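Visitor: I am new to this structure and would like to learn how to read it. Please take me through a few features in turn.

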Amino acid sequence: ESGALPASHMAFFSSSSIPAATYGHALPTSRASHKCSRTPPVRCSLKTFQPPPVDLGPVRVSPIGVGTWSWGNQVLWGYTTDDDAELEAVFKYLVTNGINFFDTADSYGTGKLNGRSEQLLGQFLESSLYIPNAHDVKIATKFAPYPWRLSRASIIEACKASMRRLKKNTIEIGQLHWSTAKYAPWQEETLWDALGDLHEQGLVQAVGVSNYGPRQLRKIHRRLALRNVPIASCQVQLSLLSTSPLTSGLLETCRELDVGIIGYSPLALGALSGKYSGSRVPEGLRGGALREVLEGAGGLLGCLEEVARGREASVAQVAVNWVVAKGAVAIPGARRIDQARDVVEGMRWRLSGAEVMELDSAAGKGEKQGVQN
């Protein structure tokens, strides 16, 4: 999720059909309208259920984190500096209530605000030293493989610039933001070697990749293994409207290589938040991207709503929990306190196997799906 990704990354939705199978469950290929068959959910007390942490290599994180793409992005998310006070309140609420994982990138922020997301996280970390759980916050950032970053030194300098914005001496996870294999394959090995340098120099505790497929993941894993540098995480676009990681072999590859999975955009730009439908979309670029896909997602949205009612939870909580059920650390966005509360409450329960299967079935009957970056 980056305001500076290649143009293809902005083409979030397409008319491609959902894959025929998903990780752990089959996705039906029928296009018939879907009615969600209800089964009694297994309820978990919000007061007693303690979700176990997840290890991304040496970095232990909450099973749900927060992505900060929108923190500084004016074009897609309408950010202004007037938002900063509420964003700080969001950060402190999340940390106090057990969310310890925040994902960012050196390209998050638009125009003169490039890097703003990291800068805000650094400010909030500095102002939150004495709140509960502040000592346990983990940051993952991503380094954009811009065409001018052709040397190992350029990635090292990018990491140091991120450290300055984040006000950290070491970043928990440093990631390459996307693969250049399709348009600049000559750049890849230098980028991979630079990632190993970051780890060996202690600038990051662990390394990861983002928007990599199984083939490129195996290549970088093999190269860095020669230096005893493990890949801690692979970040992918994963939601009920973007299921290709479940059928491409990527999740199986991650499991085989002991690479943790981070699922970004679990709410599909808000399409699965419960706020929108084919006739009700947000203004601006997001609205144009969401309108067409929402018109063909009525069955899925209906199933999400039924599961949410049975759980006495929000639609967004259900959508995020589906990503967790697929074995990923989900990182929805949060810009307001109500959204932060949803993240925290969603972490305190889990979907049953039957509910996951119902959602799989509804997703398989949808007419549109998000493109996997």
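Guide: Keep in mind that this is a predicted model. Helix 5 contributes Glu188, Glu189, Trp192, Asp193, Leu195 and Gly196, while helix 6 contributes Gln216, Lys219, Ile220, Arg223 and Leu224.

Visitor: How many of the residues in the contact of helix 5 with helix 6 are nonpolar, polar and charged?

Guide: Four are nonpolar, two are polar and five are charged.

Visitor: What describes the packing of two helices?

Guide: The angle between the axes and the distance between the axes are used to describe two packed helices. Here helix 5 (residues 188-200) and helix 6 (residues 214-225) have axes 10 Å apart and an angle of about 50°. The two helices are therefore oblique to each other.

Visitor: At what angle do helix 2 and helix 3 cross?

Guide: Helix 2 (residues 84-96) and helix 3 (residues 116-127) cross at roughly 60°, and their axes come within 10 Å. Helix 2 is therefore oblique to helix 3. Their crossing is right-handed. On the helix 2 side the contact is made by Asp84, Leu87, Glu88, Phe91 and Lys92, and on the helix 3 side by Arg116, Leu120, Leu121, Phe124, Leu125 and Ser127. These residues divide into six nonpolar, one polar and four charged.

Visitor: How should I read the strands?

Guide: Strands of a sheet pair through backbone hydrogen bonds, and the pairing is either parallel or antiparallel. In this model, eight strands make an open sheet with parallel pairing, in the order 6-7-8-9-10-11-12-13.

Visitor: Which strands stand at the edges?

Guide: Strand 6 (66-67) and strand 13 (329-331) do; each has a single partner strand, so one side of each has no neighbour in the sheet. Strand 13 runs parallel to strand 12 (residues 260-264), and three bridges join the two. Gly263, for instance, has Ala330 in strand 13 as its bridge partner.

Visitor: Which strands does helix 6 lie across?

Guide: Helix 6 lies across strand 9 (171-176), strand 10 (204-210) and strand 11 (231-237), and runs at about 165° to strand 11.

Visitor: Is Lys168 buried or exposed?

Guide: Lys168 has a relative accessible area of 17%, which is under 20%, so Lys168 counts as buried. Lys168 is in the loop between helix 4 (152-166) and strand 9. Apart from neighbours within four places in sequence, Lys168 is in contact with Leu125, Ile139 and Met163.

Key. Residues numbered from 1 in each chain as written. Predicted model: local features only at pLDDT ≥ 70, side-chain atom pairs only at ≥ 80, totals over all residues. Heavy atoms only, no water. Axes fitted to C-alpha atoms, helices over the stretch in contact; angles between N-to-C directions. Helix = DSSP H or I, 4+ residues; strand = E, 2+ residues; numbered from the N terminus. Parallel < 35°, antiparallel > 145°, perpendicular 65-115°, else oblique. Contact = heavy atoms within 4.5 Å. Nonpolar A, V, L, I, M, F, W, Y, C, P; charged D, E, K, R; others polar. Pairing = 2+ DSSP bridges. Buried < 20%, exposed > 50% of the residue type's maximum accessible area, 1.4 Å probe, protein only. Left-handed = near helix turned anticlockwise from the far one by under 90°.
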